[in-house]
Amino acid sequence: MRQTAGDRLFGVINGILLLLVLAAVLYPLLFVVVASISRPEAVINGEVWLWPKGITLQGYAKVFQNKDIVTGYLNTILYTVAGTALNLAMTVMAAYPLSRKDFRGRNIIMAMFVITMFFGGGLIPTYLLIKKLGMLNTFAVMIIPGAVSVMNIIIMRTFFQTSIPIEVQEAAQIDGCSNMQLLVRIVLPLSVPILAVMVLFYSVGHWNAYFNALIFLSDREKYPLQLILREILILSQMQDMVKMGEETFTRQLMNAESIKYAVIIIANLPVLMLYPFLQKYFVKGIMIGAIKG
């Protein structure tokens, strides 16, 4: 079809708007990367825009010299891997039965799940429950309270209902597959897109989580990276890294600036590396899983 002048103008305007949106989204990330390897003096004086000024890695060096950051990084990796594995298992075990038409009472159970999205006990009852269960200041408190997301159950259940042909499942049952064999051998291999979406959702959630740690953890050896990052960025607790007694205030300020940007890059690097590998599954899984409720 031949484009009119109005169509071409519309395309040009759309292209310009998309470029502006891309610049608005991409520039903050680019600035943080550039600032993390630039001289702190140049960053503070506003000389850094698109290119680094006086390349230095002193911020990264000071970050990895700090024991709390290294410990927090390892803790976050542990919480993310273990938590995502549990989340994925729980979500599949909840979503698959709810997607089966021969499962009696599935609508009632689904309604009970949905109610929890609108009503909760609040922070104080949750704290008392965690304390009663003996999970305060333990590894489990970072994993079990958020073991499953109702929204993700709904998305995965919808995917199972709309994307796994019922005829395939019936044929497998005729061939002698049990329900567990049907799930493991037929359903899950056909559900790679939605599984990739769940991995991305849950892993990013665990990686960025700090509130549960702030409320339920008291031992610094168990702190996740985000809680350490919070202290650096908000509470400015940098005494161990900048050696306040030996350096001038100006030097402390410069070290703090380089440390801040370096920690942001280190904290977000795993997520940025993970997303490109899951991006194609992410788009497909979201579109299919959100067709209808």
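This is a predicted model: local features need pLDDT of at least 70, side-chain atom pairs count only at pLDDT 80 or more; totals for chains, interfaces and linings use all residues.
Trainee: What share of the residues count as buried?
Mentor: The chain has 293 residues, and 34% of them count as buried.

Trainee: And the contacts, what percentage join residues at least 24 apart?
Mentor: If you take the contacts between residues at least 6 apart in sequence, 72% join residues at least 24 apart.

Trainee: Let's switch to helix 9. Which of its residues are buried?
Mentor: Helix 9 runs over residues 179–187, and its buried residues are Leu-182, Leu-183 and Val-187. These three cover an arc of only 100° around the axis, so they fall on the same side of helix 9.

Trainee: What's on the other side of helix 9?
Mentor: There you find Met-180 and Arg-185, and they are exposed.

Trainee: Which helices do the buried residues pack against?
Mentor: The buried residues of helix 9 pack against helix 4 (67–99), helix 7 (150–163) and helix 8 (166–174).

Trainee: I also noticed Pro-165. Where is it?
Mentor: Pro-165 is in the loop between helix 7 and helix 8. Its relative accessible area is 37%, and Pro-165 is partly exposed.

Trainee: Which residues make the contact?
Mentor: From helix 7 it is Asn-152, Ile-155, Met-156 and Phe-159. Helix 10 brings Pro-193, Ile-194, Leu-195, Met-198, Phe-201 and Tyr-202.

Trainee: How many nonpolar, polar and charged residues is that?
Mentor: By class, the contact of helix 7 with helix 10 has nine nonpolar residues, one polar residue and no charged residues.

Trainee: So where do charges pair up? How many salt bridges does the count come to?
Mentor: The count comes to three salt bridges. As background, side chains of opposite charge can pair when their charged atoms come close.

Trainee: Which residue does Arg-220 meet in a salt bridge?
Mentor: Arg-220 meets Asp-68, at 2.7 Å from N to O. Arg-220 is in the loop between helix 11 (211–216) and helix 12 (225–235), while Asp-68 is in helix 4, so the pair ties together parts that are 152 residues apart in sequence. Arg-220 is partly exposed, with 33% relative accessible area.

Trainee: And which residue pairs with Arg-100?
Mentor: Arg-100 forms a salt bridge with Asp-102, and the closest N and O atoms are 2.9 Å apart. Here the two ends contrast: Arg-100 counts as buried at 10% relative accessibility, whereas Asp-102 is exposed with a relative accessible area of 53%.

Trainee: What about Asp-219, which side chain does it meet?
Mentor: Asp-219 meets Lys-222 in a salt bridge, at 3.3 Å from N to O. Asp-219 counts as partly exposed at 27% relative accessibility, and Lys-222 counts as partly exposed at 25%.

Trainee: Back to helix 4. Is Ser-99 buried or exposed?
Mentor: Ser-99, which lies in helix 4, counts as buried at 12% relative accessibility. Apart from neighbours within four places in sequence, Ser-99 is in contact with Arg-106, Arg-157, Phe-160 and Gln-161.

Trainee: Last one: what is the phi of Asn-137?
Mentor: Asn-137 has a positive phi of about 55°, although it is not a glycine. Asn-137 is in the loop between helix 6 (123–132) and helix 7, and at 23% relative accessibility Asn-137 counts as partly exposed.

Key. Residues are numbered from 1 along each chain as its sequence is written. Side-chain values use heavy atoms; hydrogens and water are left out. Buried means under 20% relative accessible area, exposed over 50%, partly exposed in between (1.4 Å probe, protein chains only). Helices (H or I, at least four residues) and strands (E, at least two) are DSSP runs, numbered from the N terminus. The arc is that of the directions from the helix axis to the C-beta atoms. Contact means heavy atoms within 4.5 Å. A salt bridge is a side-chain nitrogen of Lys or Arg within 4 Å of a carboxyl oxygen of Asp or Glu. Ala, Val, Leu, Ile, Met, Phe, Trp, Tyr, Cys and Pro count as nonpolar, Asp, Glu, Lys and Arg as charged, and the others, Gly among them, as polar.
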